[in-house]
Amino acid sequence: MAVDNDGIAVVTLQRPPVNSLNLDLLQAMNNTFDDVAKNKSKGMILTSASPTVFSAGLDIMEMYKPDPKRLETFWVTLQDMWLKLFGASFPTAAAINGHAPAGGCLIATSCEYRVMLSGKFTIGLNETALGIVPPTWIQDSLRHTIPTRQAEIALTTGKMFTVDEALKWRTNRGAEGAARLGPPVLEGPQMPPRSPDQILNKTLKMCLSPKMALDTGIIKLNALNEYLVTERTTIVDNAITFGIKKCNDMDINIQKRGRRKVGLIDETAADKAEAIEKCKKFIKRFDKIPSLARGMTKQIFRQEVLQKLLTNRQADTKQFLDLVNQPKIQQSLELYLAMLKQKSQK
Ligand SMILES: CC/C=C\C/C=C\CCC/C=C/CC(=O)SCCNC(=O)CCNC(=O)[C@H](O)C(C)(C)COP(=O)(O)OP(=O)(O)OC[C@H]1O[C@@H](n2cnc3c(N)ncnc32)[C@H](O)[C@@H]1OP(=O)(O)O
């Protein structure tokens, strides 16, 4: 842990090669979180010493052929880590400088703010894809971060988000919707882009002109009707071109406005230093907010989710121990470890 001049603690996970969460690392995290609270730090930023992995999640070796007592201590220590981090009264942020699967995503979603490095990294709760049901409080951390519907889909599919997806969700309207309609007809002498209103107003003006004979008006209206039907694609394209141009003139970022944000991460950064700076900026937002009021408001806001685990702690532990001790799960862990080893040797 390093505390800067502003009193912000930067806590770096340092368990090579992938910061997998074993008992020792979880205990060290718990002690550090206690220190941050005791020292009355202004806030805490979690990051990783690895250039490519924030955290690989739970150390599978803790669950494979486990010692029963250690396995129980391991799970209770993980619960403690989450209760301390999710329930911390001080501001928390994650500078996610690499992959953050499963438990890595849990750490990130337990913080209040997330900045992830742009690049080929992924983040998400992949448990379901591995045949495991994520415990309620792990699901709750995601549901607390992104909209419920997206959280349900992400959890049930074991979705690992790319950095771009983590920032945004699928597109519906906007520039990409326009692209689906084909390339817009750009401005030219024959068909300058006009809004549909402009076209209709001009036609109406012509038809209402006292100089226009009734039969000529009818012919013109029929021609307009035919034009609207046969040229509808061009008209839509022109309307989109017109809209895009107007948005650009008004400095509105249609790319961003057209996409729905999933918000699993709040911002991206080019490198770790920038990610930490952005996290610091978030923490400094609270400079003028009384810290007691801030901390209590956060705890009240998170109380329901925290209380659920506090009330069901023993049952949650029993469920985990029963699951891990199943021969079928032990077999899956063995296969998964072998697969990871094979991949790392390639
Ligand atoms: C699977 C669990 C099954 C049952 C458990 C039952 C109940 C649990 C309750 C539910 C909670 C689950 C939360 C979890 O966190 S489970 C852990 C899920 N984690 C993952 O699936 C991530 C696996 N790792 C990776 O995808 C990659 O390693 C990663 C993208 C993070 C980094 O890739 P990179 O190419 O940089 O490194 P690798 O070459 O893959 O790995 C290097 C060495 O590290 C070992 N490794 C990787 N991850 C883990 C891990 N989670 N635990 C232990 N060891 C891990 C990997 O085998 C390599 O080892 P060596 O070959 O070098 O010895």
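This short talk goes through the aromatic ring pairs of one predicted model.

Some ground rules. Residues are numbered from 1 along each chain as its sequence is written, and side-chain values use heavy atoms, with hydrogens and water left out. Because the model is predicted, local features need pLDDT of at least 70 and side-chain atom pairs count only at pLDDT 80 or more, while totals for chains, interfaces and linings use all residues.

The structure holds six aromatic pairs. Rings of Phe, Tyr and Trp (its six-membered ring) pair if their centres lie within 6.5 Å; planes under 30 degrees apart count as stacked, over 60 as edge-to-face and the rest as tilted.

Take W75 and F320. Their ring centres are 3.8 Å apart and their planes at 10°, so this pair is stacked. W75 lies in helix α2 (residues 68–86) and F320 in helix α13 (residues 291–324), so the pair ties together parts 245 residues apart in sequence. Helices are DSSP runs of H or I, at least four residues, numbered from the N terminus. Both W75 and F320 are buried, meaning under 20% relative accessible area (1.4 Å probe, protein chains only).

Next, W82 and W137. Here the centres are 5.4 Å apart and the planes at 50°, so the pair is tilted. W82 is in helix α2 and W137 in helix α4 (residues 136–143), so parts 55 residues apart in sequence are tied together. W82 is buried at 0% relative accessibility, and W137 is buried at 2%.

Which residues do ring pairs link into a cluster? They are W75, W82, F86, W137 and F320.

Last, a charge. The charged end of R302 sits over the ring of F86, 4.4 Å from its centre. That term requires NZ of Lys or CZ of Arg within 6 Å of the ring centre and within 35 degrees of the ring normal.

Conventions:
Helix = DSSP H or I, 4+ residues; strand = E, 2+ residues; numbered from the N terminus. Buried < 20%, exposed > 50% of the residue type's maximum accessible area, 1.4 Å probe, protein only.
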